[in-house]
Amino acid sequence: MVRRPLGNHHLGHDTLLVTSDTTRTAAVTDTTRLGRLMGGARFVLWDFDGPICRLFAGHTAEDVAADLVDWLGSRGLHGLLTETERESPDPHAVLRAVDRRHPRSDLVEELEERLTQEELRATASAMPTAYADPLIRTWTGIGVRLAVATNNSPRVVRAYLAGRGLLPCFAPHIYGRTQELRLLKPDPHTLVRALSAMGAEPSASLFIGDSPSDCEAARRAGVAFLGYARNDRKGKLLREAGAEAVVDSFEPLLRLLWGRPAR
């Protein structure tokens, strides 16, 4: 069972929101521009790790990447990766590197399953992103349809959302990593699958992500993009990638939605 960290799972104008991050002022201070971006969205696609939660809050991604590298070494495949790849803090980078050399192989399948199992373990200590839970519930309540488009395993997303009581807000529209690793973002594959399944026009859709690859995937899918950055470094990377709207808190979005009539 997924543990439920103290978080923002109740909604109301007078509700005290106990958040997982320190509340900060949104980087986008022009609420008119932010409202216009949100106002045209009848479909909202979310990246998972970052915007919805910090999946590796207590089970670091660096450790997971190192474990994958060690597992390859135990099979005599240490030389399969370059030194840079072996030192990568990103488990997806390790997985992609192996897939480039042995695409669609049993080795890649086994490595991907090991990563999925590590992600599933991480859900027990994952930390909800501040204001994400009530924002999701509010969007659902006013008739906006939601989906997840992520490079994480869809099994992991379902486990986390079920533990937070949020699965009905998204199901069945959860699109994540498959055996076709070349289709991970920045490829727009997961976004296109979500749009197609929901019958959504890209012009009526918004994608929330926290990485340059998310920004690129949105651009290639023709979908408006809202960047979420929990620190200045991530915000700088998003703006350098071309993100025109970046927030470091979802609180302003929630307040804008509170003032919007139901669809």
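Reply: Buried means under 20% relative accessible area, exposed means over 50%, and partly exposed lies in between (1.4 Å probe, protein chains only). Take Arg164: at 2% relative accessibility, this residue counts as buried.

Me: What kind of model is this, and how are residues numbered?

Reply: This is a predicted model, in which local features need pLDDT of at least 70 and side-chain atom pairs count only at pLDDT 80 or more, while totals for chains, interfaces and linings use all residues. Residues are numbered from 1 along each chain as its sequence is written, and side-chain values use heavy atoms, with hydrogens and water left out.

Me: How do I read the helix and strand labels?

Reply: They are DSSP runs, numbered from the N terminus: helices are H or I with at least four residues, strands are E with at least two. In this structure, helix α6 spans residues 132-141.

Me: How many residues of helix α6 are buried?

Reply: Seven of its 10 residues are buried, leaving α6 mostly covered. They are Ala132, Asp133, Pro134, Leu135, Ile136, Thr138 and Trp139. Just after α6, Gly143 has a positive phi of about 95°.

Me: Which strands form the sheet, and in what order?

Reply: Two strands pair if DSSP finds at least two bridges between them. Here six strands make an open sheet, ordered β5-β4-β1-β6-β7-β8, with parallel pairing. Its edge strands are β5 (174-175) and β8 (246-247), each pairing on one side only.

Me: Why is β6 described as largely enclosed?

Reply: Count its residues. Strand β6 covers residues 205-209, and five of the five are buried, so the rest of the structure largely encloses β6. Both faces are covered. Ser205, Phe207 and Gly209 lie on one side, with Leu206 and Ile208 on the other.

Me: How many salt bridges does the structure hold?

Reply: A salt bridge needs a side-chain nitrogen of Lys or Arg within 4 Å of a carboxyl oxygen of Asp or Glu. This structure holds 15. One of them joins Lys185 and Asp47 at 2.9 Å, N to O. The partners are 138 residues apart: Lys185 is in the loop between β5 and α9, Asp47 in the loop between β1 and β2 (53-54). Both residues are buried. Asp47, Lys185 and Asp214 are linked in a salt-bridge network.

Me: Where do Glu119 and Arg177 lie, and how many residues apart are they?

Reply: Their side chains meet in a salt bridge of 3.0 Å, N to O. Glu119 sits in helix α5 and Arg177 in the loop between β5 and α9, 58 residues apart. Glu119 and Arg177 are both buried.

Me: Which helices do Asp133 and Arg164 link?

Reply: The two side chains form a salt bridge at 2.7 Å, N to O. Asp133 belongs to helix α6 and Arg164 to helix α7 (residues 154-164), 31 residues apart. Asp133 counts as buried, with 0% relative accessibility.

Me: Which residues have a positive phi although they are not glycines?

Reply: Look at Arg104 and Tyr131. Arg104 has a phi of about 55° and lies in the loop between α4 (91-101) and α5. Tyr131 has a phi of about 70° and lies in the loop between β3 (127-128) and α6.

Me: Is Arg104 buried or exposed, and is Tyr131 buried or exposed?

Reply: Arg104 is exposed, with a relative accessible area of 55%. Tyr131 counts as buried, at 7% relative accessibility.

Me: Where are the cis peptide bonds?

Reply: Check omega. A cis peptide bond joins Ala171 and Pro172, with omega about 5°. Pro172 is in the loop between α8 (167-170) and β5. Another cis bond joins Lys185 and Pro186, with omega about 25°. Pro186 is in the loop between β5 and α9 (189-198).
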